[in-house]
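Please take a moment to look over the structure shown here before reading on. The paragraphs that follow go through it one region at a time.

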Amino acid sequence: MSLAMKSIRRGRRAGISVAVAAALLGTAAITGSGTASAATSVDAAAAASESSEAAQGGDNLVIQWNKMAYDASVKTAAKTNGLKRPPLGSRVYATVHSCIYDAWAAYDYKAVGTQLGDDLRQPYYKRTLANRKAAINYAAYDALNYLFPDFKADFDAKLTALGYDPANTVRDTKTPAGVAHTACDAVIKVRKVDGSNQDNNYADTTGYTPFNPPQDLAAFDKSTIVDPNRWTPLTNNGVTPTFATPQWGDVTPFAINNAADFLPPAPPTYGSDASQADIKHLMDVNANLTDREKVIAEYWLERSETPTGHQNQWAQFISNRDGHTLGEDVKMFFTLNLAMGDAGIVAWKTKEHFDYSRPITMIRYDQSGKTVQGYGGPGKGTQTIDGAAWKPYVTTPAFASYVSGHAVWGAAAAESLKLWTGSDNFGDSFTFKAGTSTFEPGQTPAADVTLKWNTLSEAAAEDGMSRIYGGVHWTFDNLEGQNVGRNVAKATYDKALQYINGTA
């Protein structure tokens, strides 16, 4: 961040007037030419206007379109059970905020776009707040229509309500709409061939075949498990979901070069001391679940959205807490979602590479024929059961265990936001009302439970732990997933700064 912009932010937070803030920025002008001074004056006016708007509070355009992406994701999940394919959400947010950033960059004095570099750079006299807003709106609109064509009417209504024309499809880059359309066209061109297979409803392109045959949840048969280390499909009421989006590890990254560079070490082999210790730990947790642990498992489950929806809400909270300007949020959400977009790719590369067994399969295999203590099902508490009937508190998703996507995305988001804001401070909270559990309605929790996260690190750690309380991940899924998320976030943050500083 430039010295002048730091002065603007300090002034805004100290209550200094917009006029004074603009003057502060103006004094940083290069006075060697009239053009340089004029350019700085235009940038100063735009920055002052952004600061004035931020001081008034409310959601800026970046947050408004981020919420539109969230709402569309929720609607899609309701229609197609999209929750079974978590990486879709990380690609959605990364695409939307890449389009927003690339369009905005054309009106910045140094930032470059991810696809077209500085080809769309606008002359200084066009770098007004009004033009930046128009570009952001059209870019977000284009991205969402590409990602969610079924909800075009919603996006039309939003754009119209903001005072813009959905029928404006010009590519004349002398206009903000033309800049936005051109910038987002370039992003979408890459995403159309990124390997996600969006045009075919994200169907598998790898021909993945599970090593083990399916297991019926109601009648586990240990003798049919070929390799207890490997993932096993689960049949429930005659339905056997396939491995969700196994091709995702080969999707073109947004910022990193190669997902394979971030693979974690191999998980412990079944029968090893580490494996046996984790089996015991998972069973102990499962047999002694508290209301708070059940709440944590359910809160972070994100039943109606995708995991990255939660993390984008972290950024919304931080923006409103700190009074971000429009430009600040363009960059923060861009940086955040580059991290999570690529973190999802690395997570699925790891899942497909190691193809590791879920707790429900390995624990049943290990404990079959033994009498154990375990969660008995909704409203039944802990019971004495045959190990072959062991069950987790939440539903086991249809893809390999190692590593935990929740751990990866939570850690990536926390690290990215820490790097961007320069602080681990958070401060958000959520109160889970008594009896509102979906798994144990009317019973859990017995009293209200408030989850509060003083730091981003606390939120990420709880996100990862939720999957252990839920019984669907191992402790090493969580720990190594957190490492993966942080490593990806650091790499993508460096790349984002190169774009923002014009050095990419």
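Which residue takes a positive phi in the hairpin of S3 and S4? The residue is Gly-377, with a phi near 120 degrees, in a hairpin that has six residues between the strands. This is a predicted model, in which local features need pLDDT of at least 70 and side-chain atom pairs count only at pLDDT 80 or more, while totals for chains, interfaces and linings use all residues. Residues are numbered from 1 along each chain as its sequence is written, and side-chain values use heavy atoms, with hydrogens and water left out.

Strand S3 (residues 371-375) and strand S4 (residues 382-386) run antiparallel and are joined by five bridges; strands are said to pair if DSSP finds at least two bridges between them. Strands (E, at least two residues) and helices (H or I, at least four) are DSSP runs, numbered from the N terminus. Val-372 has Ile-385 of S4 as its bridge partner, and Gly-374 has Gln-383 of S4.

Turning to the helices, the axes of helix H5 (residues 87-105) and helix H8 (residues 176-191) come within 8 Å and cross at roughly 145 degrees, where axes are lines fitted to C-alpha atoms over the stretch in contact and angles run from 0 to 180 degrees between N-to-C directions. Contact, meaning heavy atoms within 4.5 Å, is made by residues of H5 including Arg-91, Ser-98, Cys-99 and Asp-102, and by residues of H8 including Val-179, Cys-184 and Arg-191. The residues of this contact divide into seven nonpolar, two polar and three charged, where Asp, Glu, Lys and Arg count as charged, Ala, Val, Leu, Ile, Met, Phe, Trp, Tyr, Cys and Pro as nonpolar, and the others, Gly among them, as polar.

A search of the whole structure finds one disulfide, a term used for a pair of cysteine sulfur atoms within 2.5 Å. This disulfide joins Cys-99 to Cys-184, with 2.2 Å from S to S. Because Cys-99 lies in helix H5 and Cys-184 in helix H8, the pair ties together parts that are 85 residues apart in sequence. Both Cys-99 and Cys-184 are buried, where buried means under 20% relative accessible area, exposed over 50%, and partly exposed in between, with a 1.4 Å probe and protein chains only.

Finally, Thr-431 has its place in strand S5 (residues 425-432) and is partly exposed, with a relative accessible area of 34%. Leaving aside neighbours within four places in sequence, Thr-431 is in contact with Asp-448, Val-449 and Thr-450.
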